[in-house]
Amino acid sequence: MINQLLFITHNIYSAFEEIPSKETRAVFLDLSKAFDRVWHEGLLYKLKCSGISGDLLILIRNFFTDCQQHVLLNAKCSRWATVSAGVPQGSVLGPLFFLVHINDIVDNVRCEIKLFADGTSIFSVVWNDRSTEEINRDLELERLWSWQWKMHFNADKTKEVIFLTKRDKPLHDPLTLGTDDIDRKMEHKHIGIVLDSKLSFQSHIREAILKVRRGIGTIRYISKYVSRNVLDQVYKLYVRPHLDYGDIIYHRYDPKRILNVTKRLEQTQYHVALAVTGAWRGTNRQKLYDELGWEELYH
């Protein structure tokens, strides 16, 4: 996850540093009910093309043969229905089958394309006035791929973000997915990180701090019933991940902003330390960290 985010942000920063600065157009596609739409016959065909044959292919075919489901609601059952699509979520082979099914989604795409589970994103640095035409060409390829393999891209949840540093925002024609225009946003959450149009990460940091503050409330509430060691584990398992997830991305760009980001996040961790220890506000932060065995987030 982090490797993909690093790759994406590195390319966007590289476009920022061009003379003159270039903007990057990104489309975050939403594949509706991706795991439930894996077409069994199409998957078996792709497995065969990948070199799977003989008893192994027969075994996999039997795995998907005569799958049925029904719905139980208020003690009443629906009729059994045959299932011709979908891989079992939570199974060992399910994710592998899904990856095999979507692996050719990148074929013939000219723009930069990244996949993570059911998330597909397309990126293009704007070098000329043909950017809209080029991205729309790739989006049409994606739409045709989804139609051919019985998948579905949800145009309502698909979003575009234009990353740029210019004050005067250039005009770009809207992108389309089929007959629908893609909604353009100032920011989008991708693999757990909120990417805003200037890559300031301010929205992501605000969201992370808000989640940690909720965690502080929980820690204060249960502190009357459990030991400090339990509170320490609660923080490290359920609260701190909100503070340090993806921090390598926004701690490494602008040295001036690093100090500001670090100060805000460190102040939040300091409040957690107060809740865990029960110390008064104003207690020396370093002494609290030494007592708890914690490090500063930046380290």
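Student: About how many helical turns separate Lys211 and Glu207 in helix H6?

Tutor: About one helical turn separates Lys211 and Glu207, because they are four residues apart in helix H6. Please keep in mind that this is a predicted model.

Student: What do the two side chains form with each other, then?

Tutor: Lys211 and Glu207 form a salt bridge, and their closest N and O atoms are 3.4 Å apart. In general, side chains of opposite charge can pair when their charged atoms come close.

Student: Are they buried, exposed or partly exposed?

Tutor: Lys211 is partly exposed, with a relative accessible area of 31%. Glu207 is partly exposed too, at 29%.

Student: Which strand is E12 joined to, and is the pairing parallel or antiparallel?

Tutor: E12 is joined to strand E13 (residues 193-196) by four bridges, and the two strands run antiparallel. Within this pair, Glu187 stands opposite Asp196 of E13.

Student: How many residues lie between the two strands?

Tutor: Two residues lie between E12 and E13, and the strands form a hairpin. In the turn, Ile191 has a positive phi of about 50 degrees.

Student: Changing topic: what is the strand order in the open sheet of five strands?

Tutor: The order is E6-E7-E1-E8-E11, and the pairing is mixed. Strand E6 (112-116) and strand E11 (183-185) are the edge strands, as each pairs on one side only. On average, neighbouring strands of this sheet are turned by 25 degrees against each other, direction ignored. As background, strands of a sheet pair through backbone hydrogen bonds, either parallel or antiparallel.

Student: In which sense do E8 and E11 pair?

Tutor: Strand E8 (residues 159-163) and E11 pair in the parallel sense, over three bridges. The bridge partner of Glu160 in E11 is Arg184. Those two residues, together with Arg25, are also linked in a network of salt bridges.

Student: What about Lys159, which side chain does it meet?

Tutor: The side chain of Lys159 meets that of Asp183 in a salt bridge of 3.3 Å, N to O. Lys159 is in strand E8 and Asp183 in strand E11, 24 residues apart, so the pair links distant parts of the chain. Lys159 is buried, with a relative accessible area of 16%, while Asp183 is partly exposed at 32%.

Student: How many salt bridges are there in the whole structure?

Tutor: A search of the whole structure finds 16 salt bridges.

Student: Which helix lies across E1, E6 and E7?

Tutor: Helix H5 (residues 131-148) lies across strands E1 (24-30), E6 and E7 (119-125). H5 runs at about 20 degrees to E1.

Student: How many residues are in the largest nonpolar core, and which touch the most other members?

Tutor: The largest nonpolar core has 40 residues, and Phe163, Phe201 and Ile219 touch the most other members. Helix H9 (residues 255-277) gives the most to this core, with eight residues. Apart from it lies another core of 30 residues, including Leu47, Cys111, Met151 and Phe153. In soluble globular proteins, nonpolar side chains tend to be buried together.

Student: Last one: where is Gln68, and what is it in contact with?

Tutor: Gln68 is in strand E2 (residues 68-69). Leaving aside neighbours within four places in sequence, Gln68 is in contact with Trp80, Ala81, Thr82 and Val83. The C-alpha atoms of Gln68 and Thr82 are separated by 4.5 Å, although the two residues are 14 residues apart along the chain. At 48% relative accessibility, Gln68 counts as partly exposed.

Key. Residues are numbered from 1 along each chain as its sequence is written. This is a predicted model: local features need pLDDT of at least 70, side-chain atom pairs count only at pLDDT 80 or more; totals for chains, interfaces and linings use all residues. Side-chain values use heavy atoms; hydrogens and water are left out. Two strands pair if DSSP finds at least two bridges between them. Axes are lines fitted to C-alpha atoms, for helices over the stretch in contact, and angles run from 0 to 180 degrees between N-to-C directions. Contact means heavy atoms within 4.5 Å. A nonpolar core is a set of buried Ala, Val, Leu, Ile, Met, Phe, Trp, Tyr and Cys residues joined through side-chain atoms within 4.5 Å. Buried means under 20% relative accessible area, exposed over 50%, partly exposed in between (1.4 Å probe, protein chains only). A salt bridge is a side-chain nitrogen of Lys or Arg within 4 Å of a carboxyl oxygen of Asp or Glu.
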